[in-house]
Amino acid sequence: MGGHVHRALEGDKHVRITHVVVPPDKVAATQTRLDGKATVTDRMDGIEDQVDFALECAGHQAVAETVPQLLMRGVDVIIASVGALSRAGLAESLEAAALRGGAQLALVPGAVAGVDALAAARQQGLQSVEYTGRKSPVGWRGTPAEMALDLDALTVATAFFEGSAREAAALYPKNANVAAMVGLAGIGLDRTRVTLIADPAAVLNNHRIVARGEFGELDVRTAGATLADNPKTSMLAALSIVRAVRNRVAGIVI
């Protein structure tokens, strides 16, 4: 996802990517790919220049270890790996780091529509929120779904997980960032009910949010194409990050 976002922003005259932080074993390859267009480092203390804001596309470990350092330095951060906040106490520690540093942590909606309406409805009270994620079997490879189902032999749509958004995000970190986002935007990670389905007939990644409360009822469906090089990630998730970055420098924000 990080590469897709970088390519999308590379030619934007309003955004300048100055530093890229990667694991030690990725430094050389990333330097070659960027060809001097940004400083590549594997350590936060290697960044001495003033940074306006940072974008995380590196996974749960980066959210837990690197993002707090940025926030305490006063750097605003946009994170893609929202599922990391399913870890007990992490959201609270990140908020404390942001307040201490005078910074702000922003979560992007990612692959699903309706998060803005869900967060608005929460202000007046939500009664229930349900999220259903449906992907082709290939989208669930390399996850605990392989222990519940024979993904290669699947012929009909089959639910393999039912539980809370916190459980879904923890068990399926590369697949269920949406579940975490829905939980955080609505009635919480523990009260949001999640169903995950492997469907051999699914061509796109399908997401559905159903919510009820004093505001009325919400039923939003999204069917998104995946990134060509990563069937676990919806293209809309990457585009959501691009939008969040461009909103940082836009005169009018939607």
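The chain exposes about 13,300 Å² of accessible area, and carbon and sulfur atoms supply 50% of that. Keep in mind as you browse that this is a predicted model. Of the 254 residues, 44% count as buried.

Let's turn to the overall shape. The C-alpha trace spans about 50 × 45 × 35 Å along its principal axes. How does the radius of gyration fit a compact globule? With 254 residues, such a globule would have a value near 18 Å, and the chain has 19 Å, which agrees. The fold comprises 10 helices and 12 strands. Among contacts with a separation of 6 or more, 67% join residues 24 or more positions apart.

Now for confidence. The mean pLDDT of the chain is 90, with 99% of the residues reaching 70 or more. Here are the two ends of the range by element:

| Element | Residues | Mean pLDDT |
|---|---|---|
| strand β8, highest confidence | residues 193-198 | 97 |
| strand β12, lowest confidence | residues 230-234 | 75 |

Where pLDDT is low, predicted coordinates should not be read in detail.

One surface feature deserves a look of its own. Which residues form a nonpolar patch on the surface? They are M235, L236 and L239, and together they have about 230 Å² of accessible area. L239 sits in helix α10, which covers residues 235-247. Is L239 buried or partly exposed? Its relative accessible area is 39%, so L239 counts as partly exposed, and this value is also over the 30% that patch members need.

Note on methods: Residues numbered from 1 in each chain as written. Predicted model: local features only at pLDDT ≥ 70, side-chain atom pairs only at ≥ 80, totals over all residues. Heavy atoms only, no water. Patch = residues over 30% accessible without salt bridge, like charges linked within 9 Å, V, L, I, M, F, W, Y side chains within 5 Å. Areas by Shrake-Rupley, 256 points an atom, 1.4 Å probe, with all protein chains shown as cover. Salt bridge = Lys/Arg side-chain N within 4 Å of Asp/Glu carboxyl O. Helix = DSSP H or I, 4+ residues; strand = E, 2+ residues; numbered from the N terminus. Buried < 20%, exposed > 50% of the residue type's maximum accessible area, 1.4 Å probe, protein only. pLDDT = per-residue confidence, 0-100. Rg over C-alpha atoms; globule rule 2.2 N^0.38 Å. Contact = heavy atoms within 4.5 Å.
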